[in-house]
Amino acid sequence: MKIRTIHCAVMGALACAAAWPAFAQAPAEVSLTRFDCSSSAGPADIGRFSDTMAQEGKKLQLTASCYLIRHADHYLLWDTGYPAAAAGAPPGDRTVKVTLVEQLAQLKIKPEQINYVGISHYHGDHTGQAASFPQATLLIGQGDWDVLKGPTPSGTTNAAPLKHWLDGAGKAEPVAKDKDVFGDGTVVMLDMPGHTPGHQALQLRLSQAGAVLLSGDLYHSREARRLRRVPKVNVDRAATLASMDRFEAIAPRSHARVVIQHDPRDVALLPHFPAYLH
Ligand SMILES: [Zn+2]
Ligand SMILES: [Zn+2]
């Protein structure tokens with residue numbers, strides 16, 4: 001261990017990682033691919049993303065983003081965007097033009113190769129295409145799962161794409177707190193309730209690019225993060241603010257690159273599909 005410590009100090013973290021296999025199992029290769037999961041047709045009214053009416057009349061182009069995380073030979077989809085347009089129908093503002101299945105095919109990945117579908121929360125712009133991956137294990141916050149399973153899911157939920165798991169036909173793992181998905185600390189769901197009862201963010205430790213935090217809907221824009229704006233569509237204001245505190249403590253500690261999933265300025269900084277970050 002002493003040799004490793006000296007080696008790390010002299011050679012830097014990357015060389016340290018390269019030196020590590022002599023002492024323990026090599027870390028898994030972890031990469032992040034972003035898909036095109038549709039955007040608002042033009043600048044959208046973002047007044048609804050501040051419950052103190054701080055953004056009335058303001059507009060911002062919003063994106064719906066979804067991701068593929070590869071961990072060695074396993075795959076996790078993180079959020080599944082809007083649904084695909086019905087067969088024969090022209091794609092609308094809230095449907096995708098190229099489906100996740102079609103984009104995966106470009107990477108030569110079949111739907112049945114997806115091991116996990118992770119959902120940050122139950123809103124329809126995050127659950128839309130989950131049903132395309134029935135063999136996958138569904139990872140979703142326990143609080144959201146309980147609402148979806150309850151007698152009166154709220155009007156903001158979109159349970160239909162998750163019916164397969166809710167009916168017991170698919171394997172689901174409701175996540176009560178944090179979840180280290182692959183057991184090695186590289187892909188960790190972070191319990192960030194408030195926007196919905198079981199809302200989750202995702203922390204990645206990529207092989208070379210380092211830590212990345214995918215925000216879910218903890219924030220909807222960079223401004224919302226800077227000014228701690230709580231959206232009007234929100235279940236528990238105090239919980240959201242506490243989650244923001246936790247997120248902002250974790251981000252600098254891990255030197256994480258933060259990706260606000262609805263903000264195209266953040267999403268555009270990631271490599272363009274099919275390129276990926278690793
Ligand atoms: Zn949401
Ligand atoms: Zn959203």
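Along the chain, the donors of the zinc ion (ligand 1) are spaced as H-x1-H-x71-H-x21-D. In this predicted model, local features need pLDDT of at least 70 and side-chain atom pairs count only at pLDDT 80 or more, while totals for chains, interfaces and linings use all residues. Residues are numbered from 1 along each chain as its sequence is written, chains are lettered from A and ligands numbered from 1 in the order in which they are written, and side-chain values use heavy atoms, with hydrogens and water left out.

The residues behind that spacing are His121 (NE2), His123 (ND1), His195 (NE2) and Asp217 (OD), which coordinate the zinc ion (ligand 1) at 2.2 to 2.3 Å. Donors here are N, O and S atoms within 2.8 Å of the metal (3.2 Å for Na, K and Ca); water is not among the atoms, so sites may look incomplete. The four donor atoms around the zinc ion (ligand 1) subtend angles of 88 to 165°, so the arrangement is irregular. Four donors count as tetrahedral if all angles lie between 85 and 135 degrees; four count as square planar and six as octahedral if opposite donors are over 155 degrees apart and all others between 65 and 115; anything else is irregular. For reference, ideal angles are 109.5 degrees for four tetrahedral donors.

Asp217 bridges the zinc ion (ligand 1) and the zinc ion (ligand 2), which lie 3.5 Å apart. His123 sits in the loop between β6 (116-119) and α4 (124-127), and Asp217 in the loop between β12 (210-214) and α7 (222-227), so this pair ties together parts 94 residues apart in sequence. Helices (H or I, at least four residues) and strands (E, at least two) are DSSP runs, numbered from the N terminus. Both His123 and Asp217 are buried, a term that means under 20% relative accessible area, with exposed over 50% and partly exposed in between (1.4 Å probe, protein chains only).

Asp217, in the loop between β12 and α7, and His262, in the loop between β13 (257-259) and α9 (264-267), link parts of the chain 45 residues apart. Asp217 has 3% relative accessibility and therefore counts as buried; His262, at 7%, also counts as buried.

The strand β12 is itself mostly covered, with four of its five residues buried. Strand β11 (residues 200-206) pairs with β12 in the antiparallel sense over five bridges, where pairing requires that DSSP finds at least two bridges between two strands. These two strands form a hairpin with three residues between them, and Arg205 stands opposite Ala211 in β12. β12 also pairs with β13, in the parallel sense, over three bridges; there Leu214 has Val259 in β13 as its bridge partner.

Elsewhere, the structure holds one disulfide, defined as a pair of cysteine sulfur atoms within 2.5 Å. This disulfide joins Cys37 to Cys66, with an S to S distance of 1.7 Å. The torsion about the S-S bond is about -110°, so the disulfide is left-handed. Cys37 lies in strand β1 (residues 30-39) and Cys66 in strand β4 (residues 63-71), so the pair ties together parts that are 29 residues apart in sequence. Cys37 is buried at a relative accessible area of 1%, and Cys66 is buried at 0% relative accessibility.
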